[in-house]
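User: I would like to learn how to read a model like this one, feature by feature. Please give me the general idea each time and then the case at hand.

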Amino acid sequence: MIVNAFILALRAIRRNKMRSFLTILGIVIGVAAVITLVTVGSGTTAKVTEDIAKLGSNLLMVTPGQMRGGGGGHSDAKSFDIDDARAISRDVGSLAAVAPTASSTAMVVFGAKNWSTSVNGVDNDFFKAKDWAIESGREFSDGELRSGSAVCILGATVKKELFGDQEAIGQRIRVKGISFEVLGVLASKGQSTMGRDQDDAVVMPLRAFQRRISGNDRISLIQVSVEEGMPTEKAQQDIEALLRERRRISTLKPNDFQIRDMKELASTMLATTQLLTTLLGAVAAVSLLVGGIGIMNIMLVSVTERTREIGTRLAIGALEREVLLQFLVEAMVLSAFGGLFGIILALIASAVLVRVLEVPFVLNTGIIVVAFLFSAAVGLAFGYVPAHKAASLDPIEALRHE
């Protein structure tokens, strides 16, 4: 019986090809929108996860000053110094690396080329904390760190802008008019989650930066990497207690520094992107309901057009449930076709969008199945009213219908 109903449904659809196409168009758009938005959203979430991982492993960012509602910090907040970083490394347990960092923006020059970039004074723990490999060349030696030698390591962007395809190691560049020897080039990390180019940087020994670039011993950031498997919360509490003691902050006063856990930032950003993906998917699902209403409307028209046909079938012995099944199957076939075409359209649109947005293509087979089943369910739900109307026709009245 179901097979016969399916064959009759295909015949009815073929008889009105254009009307059938317009009927399923709403379902096609709905299914395509849901799958596309969820796929792109999943790709965005994966990109955020990847970018957060590039910031470093189990990373805590310790900076002077507190964030206010307007986004600024205390202008009079005391900066850190090298002793603060050493105290954290010495007195706080379960730490993999403690990297004091001082930064500024400067013009770097090689030959006739120049480039404005971020210049950072660091030690070798910087590479461990940031999980940043050196693609070519080497790290700073202990002697270079202690003496503040005029040496540096370039980010991939700076190397490209100043040297192009030319070898950079062993060459000398000028930073604020001071000559520095290039020891190595960092592996490329690309853009951060905030859109900043992480490769647009030059790093040099902290003492060299303080003596030759900044002219002071201030440290604007201490990056702390917690050992794998150890809770960052405990390290954060210990660092806070230590710095409050060193900075002589009474129990009644708030911190004049802040500690940001990159895991918390990652969790917040992931939760935000997942929520937005869910909301967009829900909004797109509304178009499926609109498509279902379109199916119901067309099926009601079809019942009216085929009243005499229905009356004839009922008069020669067809049961009401058979007529009901015929129209239900027809509605479900329409919505199923819409679901299939919607899936194909979604895969094409997703492939294009992820290239444009430069996010990974993360195919969620679950949402494809759900979207297809939901489209079939929409056809069943909205097809019931016209199917019930057809099955309830009085055969005599139906035969009289013009």
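Analyst: Burial comes first. A residue is buried under 20% relative accessible area, exposed over 50% and partly exposed in between, using a 1.4 Å probe and protein chains only. In this predicted model, buried residues make up 44% of the 402 residues in the chain. Residues are numbered from 1 along each chain as its sequence is written, and side-chain values use heavy atoms, with hydrogens and water left out. As the model is predicted, local features need pLDDT of at least 70 and side-chain atom pairs count only at pLDDT 80 or more, while totals for chains, interfaces and linings use all residues.

User: How many helices and strands does the secondary structure of the chain come to?

Analyst: Helices (H or I, at least four residues) and strands (E, at least two) are DSSP runs, numbered from the N terminus. The chain has 13 helices and 10 strands.

User: What share of the contacts with a separation of 6 or more joins residues 24 or more positions apart?

Analyst: A contact means heavy atoms within 4.5 Å. Of the contacts in the chain with a separation of 6 or more, 78% are between residues 24 or more positions apart.

User: How is a helix length checked, and what does α8 show?

Analyst: The expected span of a helix is 1.5 Å times one less than its number of residues. Helix α8 covers residues 232-246, and its 15 residues should span 21 Å; the end C-alpha atoms are 21 Å apart, so the two values agree. The buried residues in α8 are Thr232, Ala235, Gln236, Ile239, Leu242, Leu243 and Arg244.

User: What comes just after α8?

Analyst: Arg248 does, with a positive phi of about 55°; the residue is not a glycine. Arg248 sits in the loop between α8 and β10 (257-261), and counts as exposed because its relative accessible area is 75%.

User: Where does Ser94 lie, and what is its phi?

Analyst: Ser94 belongs to the loop between α3 and β2. Its phi is positive, about 60°, although Ser94 is not a glycine. With a relative accessible area of 30%, Ser94 is partly exposed.

User: Which residues of α7 are buried, and what do they pack against?

Analyst: Leu206, Ala208, Phe209, Gln210 and Ile213 are the buried residues of α7. They pack against α3, β2, β3 (113-122), β6 (172-175), β7 and β8. After α7 comes Gly215, which has a positive phi near 75°.

User: How is a pocket defined, and what lines the second largest pocket?

Analyst: On a 1 Å grid over the protein atoms alone, a cavity is a set of points where a 1.4 Å probe fits but cannot get out; a pocket is an open set with protein on both sides within 12 Å along at least five of seven lines, and lining residues have an atom within 4 Å of a point. Grid points are joined across faces, edges and corners, and a volume is the space filled by probe spheres set on the points. The second largest pocket holds about 450 Å³ of space. Its lining has 17 residues, with Ile82, Arg86, Pro100, Asp123 and Leu206 nearest the centre. Two or more lining residues come from each of α3 (82-91), β2 (95-110), α5 (142-147) and α7 (206-214). The most come from α3, which gives 4 residues.

User: How many lining residues of the second largest pocket are nonpolar, polar or charged?

Analyst: Ala, Val, Leu, Ile, Met, Phe, Trp, Tyr, Cys and Pro count as nonpolar, Asp, Glu, Lys and Arg as charged, and the others, Gly among them, as polar. The lining has 7 nonpolar, 3 polar and 7 charged residues.

User: Why does Asp199 count as buried, and what does its side chain reach?

Analyst: Asp199 counts as buried because its relative accessibility is 4%. It is placed in the loop between β7 (178-186) and β8 (201-205). The side chain of Asp199 reaches the backbone nitrogen of Lys189 at 2.7 Å. Not counting residues up to four places away in sequence, Asp199 touches several residues, including Trp132, Thr157, Val158 and Lys189.

User: Where is Val182 found, and which residues is it in contact with?

Analyst: Val182 is in strand β7 and is buried, at 0% relative accessibility. Leaving aside neighbours within four places in sequence, its contacts include Cys152, Leu154, Phe163, Ala168 and Gln171. Val182 and Gln171 are 11 residues apart along the chain, and their C-alpha atoms are separated by 5.6 Å.

Terms used. Polar contact = N/O pair within 3.5 Å; in protein donor to acceptor, adjacent residues only side chain to side chain.
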